[in-house]
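Morning, everyone. I have one structure to show you today. Please look at the screen, and we'll go through a sheet and then some rings.

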There are 2 protein chains.
Amino acid sequence: MKGTTPTMKDVAQEAGVALGTVSKVFNGLPVGERYRVKVEEAAKRLGYQVNQYARGLRSGKTYNVAVILPGVDHPFFAALAQHLCAALMRREHRMLLYVTASNPDAERECVGMVRQNKVDGVIGLTYNPLELDGELPFVSIDRCLGPDIPCVAADNYGGGRMAAEKLIELGCTRLAFLRTGSASPSETDKRGDGFEMACRAHNIPYDALRLNDGEDFRRFRAFFQEHMAAGRLDIDGIFCSTDLLAWRVRGMLAKLGVRVPEDVQLIGFDGIRRFGAEELYCSTIVQPTQKLAETAVDLLLAKDRSNAPALVCLPVSYAPGGTTRE
Amino acid sequence: MKGTTPTMKDVAQEAGVALGTVSKVFNGLPVGERYRVKVEEAAKRLGYQVNQYARGLRSGKTYNVAVILPGVDHPFFAALAQHLCAALMRREHRMLLYVTASNPDAERECVGMVRQNKVDGVIGLTYNPLELDGELPFVSIDRCLGPDIPCVAADNYGGGRMAAEKLIELGCTRLAFLRTGSASPSETDKRGDGFEMACRAHNIPYDALRLNDGEDFRRFRAFFQEHMAAGRLDIDGIFCSTDLLAWRVRGMLAKLGVRVPEDVQLIGFDGIRRFGAEELYCSTIVQPTQKLAETAVDLLLAKDRSNAPALVCLPVSYAPGGTTRE
């Protein structure tokens, strides 16, 4: 051994592996178990000290990506977190998860972390205005934050149109659109737009009730009561902006003695499955959750981010789940 | 300005705030928005460069904690992730989430990260043997990995006993315990033990069928068919090791024409709610998920870890959810 401090190159030579393999082991990235042991033993023999911070100073990369989600207790966000984590790990990155409960301070803190070089970038599903610029590696999900920030979303407009066309195809003649959600503008608002445009294109009468989070949920019940005539609902097809709302609406309709799908057919949006992987809750427009996650990761880690599209819409699909006649 | 490189002390003076406030801002920890702006503007004026790696070299702390979970698509793990993240953020730490799908390589990689000082510690719900020692800050959930590794779990034994006693109290006279799960030994195995001991203590006859993941699920159906006599089930109370299994069992019973809770009462374990926060799926023994997360974080970040208990069991509770007569 030379009398000087051993380098990574020395470790590679001692272990009989490529320099890149040593680098991977020292960066905590996946390599074959056999190689990991070889490198670690060689490093031990040479007295090589792995120093993560010194390494960071050299490469300027952290291999950490911050993911901002309002929560993971909702199954759509949980699935998104799961797929984001898997997609990042496949690209040899790790996920710092921020559950913000839509708290603006928590969301801002996250952006501060990127500015301070603690993470390489951020993928965020946020509800509050953030101070962002084109320099900051940031990919938004479901919300356009500006022309320089790529946004990935399901084709919400197409999904809304698909819901209307499906209900019409299944024989519905009078439709309704019901919505709950954040008051902040979001790509998901297009679900209702697509639905309404399809109703107009097909000359089908429809009603709509849009509530923001925090508004009195009983207005939905009042809406149904207004639409009851001689013990029957005068609407025969309902599109709800989320599966969760469809689930709640189904409960309200049951209390009013309205049968689903016999009296009224119901389509939700998201594609949530019971326990994350069992049956669907309702007939629904399924979000391409895995593809959303993979696209967000690809856009964030792209070598050249200058040509990133402002908005990427990914195709949705219809899946029957017991609340429609098919 | 002095002609030398500005220090954090200079920034504090320039901003008119305490040194601790500057440190917090530079470490990406939460401070009042007003203070953050003051510090950032002062740092800009002085040309102070925040350098995360140099800081890491000084403090030896990363404020990152790795959390290993098999997945977050299952609602129990999702709730655990959510509460762990919140508990870590309250303690000014961040959560690096590893979704491992019980993959031993992914679990080992995580432990490697701690050894390389990339995270301050690990909270893990793991299924594979890991090379751990008392030096490594590691807290296990639901599985005892050794006397030096604190393990946090619900009172699984007490929960199993509670399920048996509840079914007996509700009039059941012949019970069954059904189980699916990992073949690796886990604290959750005690659910069945507690149940069986309570049946014996009360002199109530019972049957048990335990399957490991991957074993043929149709054995449960065969079990029920064996217990059918003259079109009726000769069991009137069932305890399932998880809510998910209870949900599946309910589907099987419906197909056999057995009514729940009229013919047979059913209790699950976990306390899963639809969409993460709506109704329970079944009558169930509720895990104290938030308390589990907070206890794990407290044990991991404790200043003195030498006296950490090997196993902490947290109390569970019973909640009726429609599959029992109360």
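Let's begin with a question: which residue stands opposite B:Tyr318 in E14(B)? Keep in mind that this is a predicted model. The residue is B:Ile285.

Now the strands around that spot. Strand E12 of chain B covers residues 284–286, and three bridges join E12 to E14(B). The two run antiparallel. In general, strands of a sheet pair through backbone hydrogen bonds, either parallel or antiparallel.

Step back to the whole sheet. Six strands of chain B form an open sheet, in the order E7-E6-E10-E11-E12-E14, with mixed pairing. What stands at the edges? Strands E7 (206–210) and E14 (317–319) of chain B do. Each has a single partner strand, so one side of each has no neighbour in the sheet. On average, neighbouring strands are turned by 20° against each other, direction ignored.

Helices pack on this sheet too. Helix H7 of chain B, residues 156–169, touches E6, E10, E11, E12 and E14 of chain B. Its direction makes about 165° with that of E11(B). Helix H10 of chain B, residues 243–255, touches E6, E10, E11 and E12 of chain B. For H10, the angle with E11(B) is about 155°.

Next, the rings. Over all chains, there are 18 aromatic pairs. One of them is A:Phe239 with A:Phe269: tilted, 6.4 Å centre to centre, 50° between the planes. These two sit 30 residues apart, in strands E10 and E11 of chain A. Both A:Phe239 and A:Phe269 are buried. Together with A:Phe177 and A:Phe195, they form one aromatic cluster.

Last, a charge over a ring. B:Arg191 lies over the face of B:Phe269, 3.8 Å from the ring centre.

Terms used:
Residues are numbered from 1 along each chain as its sequence is written. Chains are lettered from A and ligands numbered from 1 in the order in which they are written. This is a predicted model: local features need pLDDT of at least 70, side-chain atom pairs count only at pLDDT 80 or more; totals for chains, interfaces and linings use all residues. Side-chain values use heavy atoms; hydrogens and water are left out. Rings of Phe, Tyr and Trp (its six-membered ring) pair if their centres lie within 6.5 Å; planes under 30 degrees apart count as stacked, over 60 as edge-to-face and the rest as tilted. Helices (H or I, at least four residues) and strands (E, at least two) are DSSP runs, numbered from the N terminus. Buried means under 20% relative accessible area, exposed over 50%, partly exposed in between (1.4 Å probe, protein chains only). A charge sits over a ring if NZ of Lys or CZ of Arg is within 6 Å of the ring centre and within 35 degrees of the ring normal. Two strands pair if DSSP finds at least two bridges between them. Axes are lines fitted to C-alpha atoms, for helices over the stretch in contact, and angles run from 0 to 180 degrees between N-to-C directions. Contact means heavy atoms within 4.5 Å.
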